[in-house]
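Visitor: Hello! I am new to protein structures; could you walk me through this one, starting with its charged side chains?

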Amino acid sequence: MDLRDWQVKLKERVLGSLKKEFLVALNSPTGSGKTLFSLVVGTELKGKILYVVRTHNEYYPVYRESKRLGKNFSFMVSKTLACPFSTADANPEDIKCSGCDIFSSIPVRVDDYPFSFLSKLKKEGEEEGFCPYYSLLDSLSSSEVVVLTYPYFFIPRLREALGLDLSQYVIVIDEAHNLDRLNELEERKLNSMIIDRAISQTSNSATIDILRKIKDEVKRKTLQEERYILIQHFPKLTDDEMEVIKEEYEALREKMIKEKRIRQIYLNSIIKFYESDGKVFSYKGSLVKKPITPEKYVSILNDSSLSVILMSGTLQSKEFLREVLGITKQIDYIDAEKEMKKKLSGSIECILALDVTSAYSLRTKEMWKKYASYILKIFYQSQGYVLAVFSSYMMMNEVMSLVNLPKLVENEKTNLEDVYRLKEKAVIAAVARGKLSEGIELTKDGRSLISDVVLVGIPYPAVDDYLKLQAEEISKITKHDVKDLLINTTAVIAVKQAIGRAIRSVNDKANVWLLDKRYDSIMWKTKINCFNPKKIKL
C-alpha cells in the first residue's frame with residue numbers, strides 16, 4: 001500500500017503517542033487521506049479498529065478503504081433501519097423484539113457496500129426467519145473494522161449493548177469537530193404536531209384527555225423565535241398520568257409487532273421528553289429538553305485503557321478540546337499541513353463583499369435584496385453548483401424567496417437524497433452546521449461539482465439562554481470565561497466546513513464568496529487562509 005508523504009512522516013509519531021496512552025488529535029483537510037491513514041495505524045497497533053462517524057453516509061469510505069486493505073468489515077445501524085417490519089421514522093424502543101417471530105440471529109459477513117448489504121439482509125431475514133439487527137450485532141466481535149454512528153459509542157447504554165472490549169481496538173472518531181454537540185444526541189422535543197399525532201394513534205379516552213391538556217399548556221409556553229429561551233415552568237405530568245400513557249404505549253407496541261407493521265409511536269416521544277435529563281427551552285414553536293454540556297458523553301475519551309484518534313478537517317484547537325470538551329488525557333495535537341509545511345488538499349480563491357452584513361442591527365429588506373443580487377450574480381458566473389450557507393433559517397428563507405433560480409432550500413425534512421437528485425446546476429441553500437452545509441459531497445470522477453461556496457453573513461451562534469448557560473457551566477469547571485471561545489470557534493468551524501464541501505480532493509479549486517464586511521479582519525483572513533481576497537461591491 002503506497003502512502004502519501006504526510007502519512008509516511010506522521011505514522012510513527014501517531015503510533016508512538018497511542019502507545020504512550022496519549023489521545024491523538026489529527027487536523028488534516030478533506031481529501032488528504034485521513035480514513036486510510038487511521039486504518040493503517042489501527043492495523044499496525046492493535047489489528048482492530050472501531051471507526052465512529054456522525055452519519056450513515058460516512059460508512060461508505062470506511063468500507064471502501066477496509067476492502068483495499070483486505071480487512072473484515074462490519075457495521076451497526078439502529079433497530080428501526082435493520083428491522084424488516086419497521087418504517088425508518090420509528091424509534092428503536094418502538095420495536096418489541098421479544099414478541100417477534102424472527103427474534104434470532106445467523107452468522108453474516110459483509111461483502112457489499114453497507115446499505116446494499118443491509119437491503120439484501122433484511123429481505124433474506126424476512127424470508128428465512130432471522131433478525132438482521134441481531135445478526136449484524138453478533139458480527140461485530142469477529143470483524144477487524146467496525147463502523148458505528150456517534151450514539152452507539154457515546155451513549156453509555158448503547159455502547160454497553162454492543163458487548164465489545166474497547167481496549168482491543170484503536171478507536172477513530174471521525175468529524176470530531178462535532179463533539180461539542182454530543183449533548184444533542186439525547187435532545188427531546190415536544191410540540192403540538194407530536195401531540196396531535198399521538199392523539200391520532202390512540203383510542204383511549206383517558207390518554208387523549210391527558211394529551212389535550214399537555215397540548216394546551218405547550219402552546220402557551222412556546223414561542224416561534226429561532227433561539228433558545230429558557231422555560232422555568234413547563235407542563236408536568238403526574239405519576240398516574242405517566243402510567244396511563246406508558247400502558248397505552250406498551251399496548252401499541254404489542255399490536256404493531258403482531259401485525260408486523262411498525263411505525264413511529266408518538267407516545268414514546270412524550271415519554272422520553274419527560275424521562276430525560278436537561279433544561280427545557282422554547283425553540284421555534286417546540287419545547288426542547290437537552291443537557292447543557294457534552295461532558296458526560298465525552299468522558300469516555302479520558303479512559304486511559306483506550307487508544308483514541310480524533311480526526312477532522314476542521315478540528316477545534318487544543319485549548320477548546322481541554323476547556324470546552326473537558327478532555328483531561330495528554331493530547332498530541334497534529335496539524336498535518338503545518339507539520340508538512342504545505343497544502344494537502346485543493347485550493348480556494350476568496351472574494352470579499354464590503355457592502356453587505358448579517359449584523360443583527362442591519363438586517364433589513366434592502367439587505368436581503370442585496371444578498372439575493374449577489375447570489376444571482378454568482379450563479380450566472382459559476383461553473384458548477386453553488387452552495388449558499390446562511391446563519392439561520394429565517395435569513396435563508398428571506399433571501400432565497402427573492403432568488404428566482406434553480407434551487408434547493410434546506411428545511412427540516414430535507415435529506416441528502418434531495419441533493420443527489422438535482423439534475424442541473426442549482427443554488428443549494430443551507431444553514432450553517434446543518435445537514436447540508438456539513439453533509440453533502442457532490443463529486444464526479446473524484447472531483448467536486450460545487451464550484452462556488454457563498455458565506456451569506458457570518459454564522460455566529462445566537463447568544464441565547466442555551467449558549468449563556470453552557471458558557472456558565474463550563475466556566476465553573478475551568479475557572480475561565482469561555483463564552484467568546486464558544487462563539488468564535490463555532491462560527492469558524494461552520495465557515496470552514498462549508499468551504500470543505502467544495503474541496504473534496506487535492507485537485508479541486510473553488511471560489512469562496514465572503515458576503516459580509518466583517519470578514520475583512522486579520523482574525524478571519526487567518527482562520528480561513530484568505531489573506532489577500534479580491535474586494536468587491538455591487
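Guide: Gladly! Arg518 is partly exposed, at 31% relative accessibility. Here buried means under 20% relative accessible area, exposed over 50%, and partly exposed in between (1.4 Å probe, protein chains only). This is a predicted model, where local features need pLDDT of at least 70, side-chain atom pairs count only at pLDDT 80 or more, and totals for chains, interfaces and linings use all residues. Residues are numbered from 1 along each chain as its sequence is written, and side-chain values use heavy atoms, leaving out hydrogens and water.

Visitor: With which residue does Arg518 meet in a salt bridge?

Guide: Side chains of opposite charge can pair when their charged atoms come close. A salt bridge is a side-chain nitrogen of Lys or Arg within 4 Å of a carboxyl oxygen of Asp or Glu. The N to O distance is 3.0 Å, and the partner of Arg518 is Asp516.

Visitor: Is Lys11 buried or exposed?

Guide: Lys11 forms a salt bridge with Glu12, the closest N and O atoms being 3.4 Å apart. Glu12 counts as exposed because its relative accessibility is 51%. Lys11 has a relative accessible area of 12%, so Lys11 is buried.

Visitor: How many salt bridges does the count come to?

Guide: We have looked at a few pairs one by one. Counting by the 4 Å rule, the number of salt bridges is 33.

Visitor: How many helices and strands does the chain have?

Guide: Helices (H or I, at least four residues) and strands (E, at least two) are DSSP runs, numbered from the N terminus. One of the helices is α5, residues 114–128, where Glu127 is found. The chain has 22 helices and 20 strands.

Visitor: What percentage of the residues of the chain count as buried?

Guide: The C-alpha trace spans about 65 × 55 × 55 Å along its principal axes. The chain has 538 residues, and the share that count as buried is 56%.
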